[in-house]
Amino acid sequence: MLMQVEGLTYSYSEKEAVKNVSLYVDKGEFVGLIGPNGSGKSTVLKNIYRGLIPDSGSILLEGENLLNMSYRKSAMKMAVVGQENDVPFDFLVEEIVAMGRSPHKKLFDIDNVRDKKIVRHALEHLGMEAMAQRNYLNLSGGEKQRVIIARAVAQESDFFILDEPTNHLDISYQMQIFDFIRRLKVTVLSAIHDLNMAALYCDRIYVLKAGQIVLHGTPEEVLTPEHIYDVYGVRSSVEKHPITGKMSITYLPADLQTA
Ligand code: ADP
Ligand code: MG
């Protein structure tokens with residue numbers, strides 16, 4: 001088991017945002033975290049990638065207690081790709097990708113030939129080599145996300161934590177980002193907003209509702225009309241798609257609802 005979370009609880013104030021969450025990720029899996037807005041997906045992920053410190057519970061990464069691990073070591077094992085990426089200043093694309101090398105380096109180390117090669121390869125992988133000298137903030141949302149993924153690739157970790165990585169991207173970029181990540185053959189734990197995307201890419205899915213895991217299983221087990229109604233309050237029709245072989249969800253407007 002690559003990662004095991006047990007009884008994770010976290011509050012921003014008095015109210016618990018995440019309550020007693022337990023989940024695991026095996027090596028090579030693509031695991032999805034779904035649930036309505038505000039259900040706690042980002043909070044769970046932030047506790048895992050050390051943006052927040054759990055109030056209680058344990059997180060093991062490769063059997064080792066994450067809270068006792070140095071930040072550098074955990075950064076070598078986990079790469080994080082968030083939503084709208086909060087890059088505070090206007091860096092060049094290649095500078096942002098080079099930041100992926102920082103866990104491998106000591107303070108004030110300069111980028112060596114090997115680092116430069118890794119950065120170049122990461123940019124090539126994402127088809128971004130021609131944009132290496134562009135300013136990050138001038139890129140489109142889809143291009144920005146490819147840069148952030150290139151940074152994760154340059155980090156050379158084989159475990160990616162993603163928080164709704166394709167939010168606000170049009171459908172071609174959504175597919176491109178998930179297809180690309182799947183081709184990397186890394187282990188993935190991803191919050192995913194779109195249930196059809198979760199159905200297409202995930203091996204297993206955990207469902208959060210009001211800070212608690214209420215369901216988990218394969219997409220077929222989890223993505224049923226009953227469960228979708230329980231969690232989102234929306235009626236739907238779910239069928240196995242003839243081409244993808246994956247569950248395909250159609251949401252039903254009020255005038256087509258029979259139940
Ligand atoms: P999701 O990612 O599923 O939309 P979040 O983890 O962002 O959910 O939020 C879970 C709950 O925690 C929500 O009720 C949200 O309002 C609250 N919350 C999130 N971030 C903060 C914060 N920085 N301060 C206070 N409350 C927060
Ligand atoms: Mg979120």
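Biologist: Is α1 largely enclosed or open, and how many of its residues are buried?
Modeller: Six of the eight residues of α1 are buried, so the helix is largely enclosed by the rest of the structure. Buried means under 20% relative accessible area, exposed means over 50%, and partly exposed is in between, with a 1.4 Å probe and protein chains only. Helices here are DSSP runs of H or I with at least four residues, strands are runs of E with at least two, and both are numbered from the N terminus.

Biologist: What should I know about the model itself?
Modeller: This is a predicted model, in which local features need pLDDT of at least 70, side-chain atom pairs count only at pLDDT 80 or more, and totals for chains, interfaces and linings use all residues. Residues are numbered from 1 along each chain as its sequence is written, chains are lettered from A and ligands numbered from 1 in the order in which they are written, and side-chain values use heavy atoms, with hydrogens and water left out.

Biologist: Which residues of α1 are buried?
Modeller: They are K41, T43, V44, L45, N47 and I48.

Biologist: And what happens just after α1?
Modeller: R50 takes a positive phi of about 75° there, and this residue, which is not a glycine, lies in the loop between α1 and β4 (56-61). R50 is itself buried, with a relative accessible area of 12%.

Biologist: Where is E62, and what is its phi near?
Modeller: E62 sits in the loop between β4 and β5 (64-65), and its phi is near 50°, again a positive value in a residue other than glycine. E62 is partly exposed, with a relative accessible area of 44%.

Biologist: Switching to ligand 1, what surrounds it?
Modeller: The shell consists of Y12, K15, A17, P36, N37, G38, S39, G40, K41, S42 and T43, where a residue counts as near if one of its heavy atoms lies within 4 Å. Helix α1 (residues 41-48) gives the most to that shell, with three residues.

Biologist: How big is the largest cavity, and what lines it?
Modeller: The largest cavity has a volume of about 40 Å³, taken as the space filled by probe spheres set on grid points that are joined across faces, edges and corners. On a 1 Å grid over the protein atoms alone, a cavity is a set of points where a 1.4 Å probe fits but cannot get out, while a pocket is an open set with protein on both sides within 12 Å along at least five of seven lines, and lining residues have an atom within 4 Å of a point. The lining of this cavity is I34, L195, V207, L215, V222, L223, H227, I228, V231 and Y232, and helix α9 (residues 225-232) provides the largest share, four residues.

Biologist: Which helix gives the largest share of the second largest pocket's lining?
Modeller: That is α4, with five residues, and the second largest pocket has a volume of about 170 Å³.
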